[in-house]
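Here are my notes on the model, as numbered points. Please read them alongside the sequence and the coordinates.

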Amino acid sequence: MRVAAVLHQPVNPVRPIFTSHLNPKLFRKPKTFRFGFRFAPLNLKGSATKKKQLLTQDHDSDDSPTQEKSGDRSFDLGWVPAFPHVSIASMSNFLFGYHIGVMNGPIVSIARELGFEGDPILEGLVVSIFIAGAFVGSVSCGSLVDKLGCRRTFQIDTIPLILGALVSAQAHSLNEILLGRFLVGLGIGVNAVLVPIYISEVAPTKYRGSLGSLCQIGTCLGIILSLFLGIPAENDPHWWRTMFYVASIPGFLLAVGMQFAVESPRWLCRVGNINDAEAIVRKLWGESKVDQAIEEFQSVIKNDGSDVNSRWLELLEEPHSRVAFIGGTLFALQQFAGINGVLYFSSLTFQDVGIASGALASLFVGLTNFAGALCASYFIDTQGRKKLLIGSYLGMVRDLNLILKLRYDGK
């Protein structure tokens with residue numbers, strides 16, 4: 001009944017100067033900031049019907065317990081209930097980023113201690129074998145989620161993540177470090193598929209883009225931490241073992257945190273726990289969204305088995321071919337830009353060009369990556385995905401050409 005309390009305050013009559021020639025600055029659109037924070041001016045003009053609707057808005061007001069009002073300002077905090085659950089899931093991406101950067105600086109020390117120093121093929125294999133494990137894990141993710149649900153899959157997935165980090169930390173041979181990295185990759189592959197699914201089914205539709213950007217932010221933070229911890233590796237040849245021990249800590253936190261996170265309401269509907277699904281939607285989305293959300297979940301579940309005769313080759317046929325081509329091309333172009341090579345071997349690259357501390361220089365690369373993720377999370381729900389994609393790719397083209405120019409001018 002907060003709205004009614006505000007409306008009981010007397011409103012001064014509008015002066016005669018407010019006629020048909022209204023000052024447009026008084027009725028401009030409210031400014032929207034990230035996560036839907038709105039600062040809207042008080043509406044001085046409204047029909048009797050709208051006033052009546054505001055006075056009787058008990059139901060909608062109670063549905064949004066996180067919407068606070070202070071004077072003529074309203075703060076849309078509808079993302080708050082889902083934020084802790086999304087943050088816990090994004091810890092998986094933090095681990096992904098950490099394992100991307102954990103080999104950046106210490107690879108020379110690892111190769112020297114384990115006996116394959118000077119072999120670029122084996123060094124590259126140790127760095128990238130976890131991507132092969134990620135491929136295997138991503139393929140097996142769907143069946144695990146269908147049987148166990150998102151929460152249990154997250155928790156089971158921490159086993160290879162923790163075990164792989166510990167095996168890598170205690171490795172005394174090439175085979176042991178390869179095994180540890182491959183186990184880590186299995187866990188990373190499952191999470192790469194699972195985290196976006198979980199966020200899309202837990203986050204309210206209005207904030208799905210902003211909350212979904214926490215995946216990339218978590219990855220960037222993991223990269224930054226691993227690059228920061230890699231700085232002492234330049235002086236301590238055994239520091240890489242400590243870095244792998246540290247990698248096991250987020251796995252434990254993820255396993256414990258998921259015990260307090262909610263289950264995917266869509267999966268609960270799929271296994272017949274409608275009441276639990278309704279309770280989660282009511283808690284995270286609001287009372288008014290319950291019926292609509294449950295209907296959508298049940299409609300999707302009902303149609304899950306309707307395309308049993310579909311084939312993968314249908315992606316090459318209209319109307320799917322254009323979408324599949326664009327999506328696949330975007331991913332491929334992103335990889336060919338060379339960012340993976342930068343994140344894996346930037347310390348060695350900086351040292352080759354004469355920079356004294358390659359690990360410190362790599363840290364600034366991670367910070368730049370993080371800044372880009374923050375920009376994406378700020379603009380994704382206001383500017384749209386297409387504009388961000390076009391702008392980012394144009395920026396990549398410009399910067400790659402700048403690197404080429406500097407490279408040839410240096411000759």
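1. Partly exposed, as used below, means a relative accessible area between the buried limit, under 20%, and the exposed limit, over 50%. D399 has 34% relative accessibility, so it counts as partly exposed. The model is a predicted one, and the comments that follow should be read as comments on a prediction.

2. D399 has a charged partner: it forms a salt bridge with R398, with 3.0 Å between the closest N and O atoms. Is R398 buried or exposed? R398 is exposed, because its relative accessible area is 57% and the limit for that class is over 50%.

3. How many salt bridges are there in the whole structure? The search returns five. Side chains of opposite charge can pair when their charged atoms come close. One of the five is the D399 and R398 bridge described above.

4. A second bridge to check joins the side chains of E287 and R282, at 2.6 Å from N to O. E287 has 33% relative accessibility and therefore counts as partly exposed. R282, with a relative accessible area of 36%, is partly exposed as well.

5. E117 and R112 also meet through their side chains in a salt bridge, with an N to O distance of 3.5 Å. The cut-off for such a pair is 4 Å, so this distance qualifies. E117 is partly exposed at 47% relative accessibility, and R112 is partly exposed at 45%.

6. On the overall fold, the chain contains 17 helices and four strands. It has 411 residues, of which 36% count as buried.

7. Among contacts in the chain with a separation of 6 or more, 76% are between residues 24 or more positions apart.

8. Which residues have the most contacts inside the largest nonpolar core? They are M103, F154, I177, Y198, F244 and M258, in a core of 74 residues. Helix α6, residues 120-169, gives this core its largest share, 11 residues.

9. F244 is worth a look in the viewer. Leaving aside residues up to four places away in sequence, F244 touches V102, M103, I110, A165, S168, A169, I177 and R181. Of these neighbours, M103 and I177 are also listed with F244 among the residues with the most contacts inside the core.

Note on methods. Residues numbered from 1 in each chain as written. Predicted model: local features only at pLDDT ≥ 70, side-chain atom pairs only at ≥ 80, totals over all residues. Heavy atoms only, no water. Buried < 20%, exposed > 50% of the residue type's maximum accessible area, 1.4 Å probe, protein only. Helix = DSSP H or I, 4+ residues; strand = E, 2+ residues; numbered from the N terminus. Contact = heavy atoms within 4.5 Å. Core = buried A, V, L, I, M, F, W, Y, C linked by side-chain atoms within 4.5 Å.
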